[in-house]
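Hi,

Here is the model I promised to pass on. Could you open it alongside this message and follow along?

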Amino acid sequence: MPTKQVRVAIIGGGISGMVLAIELKKIGLSSYTIYERMTDVGGTWRDNYYPGCACDVPVHWYSLSTELNPDWPTKFSGQPEIQKYWKRIYEKHQLASNTQLDSTFLSAVWNDASGYTCKFKSTASGKEFTVVCDVLVSAIGGFSTPKEKPPGMEGLELFGGKSFHSARWNKDVELSGKRVAVIGNGCSGAQFIPIISEDPTTDVINFCRTPNWFAPRPQKSYSSVTKAAFRYVPGLMRTYRNFIALSGDARFAAWQLKNAGLRTMAEEHLWSYMSSQAPEKYHDFLRPSYPMGCKRIIMDPGYLKALHRPNLDLVTKPITSITKKGIMADGVEREFDVIILATGFSFEGEKLGLDIKGRHGKRLADQWEAQGGPQAYLGTSVHGFPNFYTLLGPNAAGGAASALYSIEAQVGLVVQMIKPMMNYGVKSFETKIEAEKGYNLDLQVKLHKTVWHGGCSSWYLNGDKLVANFPGFVTELVLMLRTPTWDSYIQRGGTRRLAVRHRLHQLLQIVGLVAFGVVVCAIGRAKIQREIASFTLARFHELKEMARTQGFLA
């Protein structure tokens, strides 16, 4: 049992918050609370329920590595199945007793003696309350604050019809028989436009100022036999998941500027698909002038083919203003009954709700603004803010990888930072300024060698600074997060320097490897090989017998 119950406040009841809570329970910590502003958990998959909402990475890789699910219906599962999966995990691990719903985070102030004093507000009543914690974790992610008033779209408040963001889909608005404007054709817009335009009485005009690269989405349903194999054949589902992860992460090679030949081949493959699906009249516009990967590639859910429909048009001229009746573009006012914003999310510190003051009274949003945009050490901790961690924070995502891959690795690091506070009396850890600066200088140099600096405008960028992506295979980041580099942190309190303990641990590992080598030589390689062969044969016979009893073998 831990010697101290560290008080941990987790902001957000989405995937990140749930994963951290599960891991804290595993190490015997019960003094944590998830503060969720809504009346249910789920985060992105609770909020985004627009028609056609689905995962754009294979869902077996979008699952928790400790909670594999053999019953996914399709390779790219939809929002209802994903939300159901995470609610099941939430209930299985009994996280409700440590969750406070209807609690909007307002601010936090660090004090060396007491930790963080946090202010929250009841979303329903408006009443404020205060919480004191030792560790504060932002688990709100980057998709929590939609751009409901995107820059350059003046007059939205004057519009006389209905308007809403896709992440705040208004189910009460009936689209049948209406004139509907959709602004944006990124991942969300590309998913719901084919659905709402299926109704021939709904006239849809999609306003798009920048084209996107589309890739074919190899959607497929898993048969009952496949699901049974995932469930009963040991290691099969994990092997399948690892194959998806390996092949997905490997695609980063095409994101590196030095691999221009590989990227050109990939671009020609994508354009061949795009031109075969979309109407010829849109071909000149639809082929992006920027390199593949500069913006997030869209796994096509049928958007390109839907452009053939007579009730769906694409307008590529910039919007000049929004009027009471509709939208002005290219000198023409088009009238609409409904405007749907598919304009993405805000990733700025203040708009992410991070009103946090650190050791020197400096606000996190101000520090990030002075640095030209959000930054953190390993995407997880920030200098000047002891015991504060952010999950899926700055530069923690991969351009072609599952967010769960990064989240689980970051959670593992945070848990390792909390353990010494529980067991060795450590008061706080704070990232050293030289560690954060050095890491981010190297990060930005590497990022400039990727397609994300390829001349396009995307949510990855804050001005000229890339703030979202990690400049390498995400496996590299996962390995960096595996074990804390204690010398990168200022430790306050505790009976022993953890950096010394870490070096001793490394020394013991080396001694262990040497000892193992000596044992191997003493026993003899041939005998070890015979033992391995015998063990493998025994497992094969067990697997064969299990398959026969389950009916897979006649």
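Leucine 378 counts as buried, because its relative accessibility is 5% (buried means under 20% relative accessible area, exposed over 50% and partly exposed in between, with a 1.4 Å probe and protein chains only). The residue sits in the loop that runs between α10 (364-370) and β19 (388-390). Helices here are DSSP runs of H or I with at least four residues, strands are runs of E with at least two, and both are numbered from the N terminus. The phi angle of leucine 378 is near 55 degrees, a positive value in a residue other than glycine.

Before I go on, a word on the source: this is a predicted model, in which local features need pLDDT of at least 70 and side-chain atom pairs count only at pLDDT 80 or more, while totals for chains, interfaces and linings use all residues. Residues are numbered from 1 along each chain as its sequence is written, and side-chain values use heavy atoms, with hydrogens and water left out.

Asparagine 395 is in the loop between β19 and α11 (403-423). Its phi is near 55 degrees, again positive in a residue other than glycine, and asparagine 395 is buried, with a relative accessible area of 1%.

Now to the helices. Helix α1 (residues 15-26) packs on helix α3 (residues 79-92) at about 30 degrees, with the axes 11 Å apart. (Axes are lines fitted to C-alpha atoms, for helices over the stretch in contact, and angles run from 0 to 180 degrees between N-to-C directions.) That makes α1 roughly parallel to α3 (under 35 degrees; over 145 is roughly antiparallel, 65 to 115 roughly perpendicular, and the rest oblique). Ile15, Met18, Val19 and Ile22 of α1 meet Trp86, Ile89 and Tyr90 of α3, where contact means heavy atoms within 4.5 Å. By class, this contact of α1 with α3 has seven nonpolar, no polar and no charged residues (Ala, Val, Leu, Ile, Met, Phe, Trp, Tyr, Cys and Pro count as nonpolar, Asp, Glu, Lys and Arg as charged, and the others, Gly among them, as polar).

And how does α1 lie against α11? Their axes come within 10 Å and cross at roughly 40 degrees, which means that α1 is oblique to α11. On the α1 side, the residues in contact include Ser16, Leu20 and Glu23, and on the α11 side they include Leu404, Glu408 and Ile418. By class, the contact of α1 with α11 has ten nonpolar, one polar and two charged residues.

Best wishes
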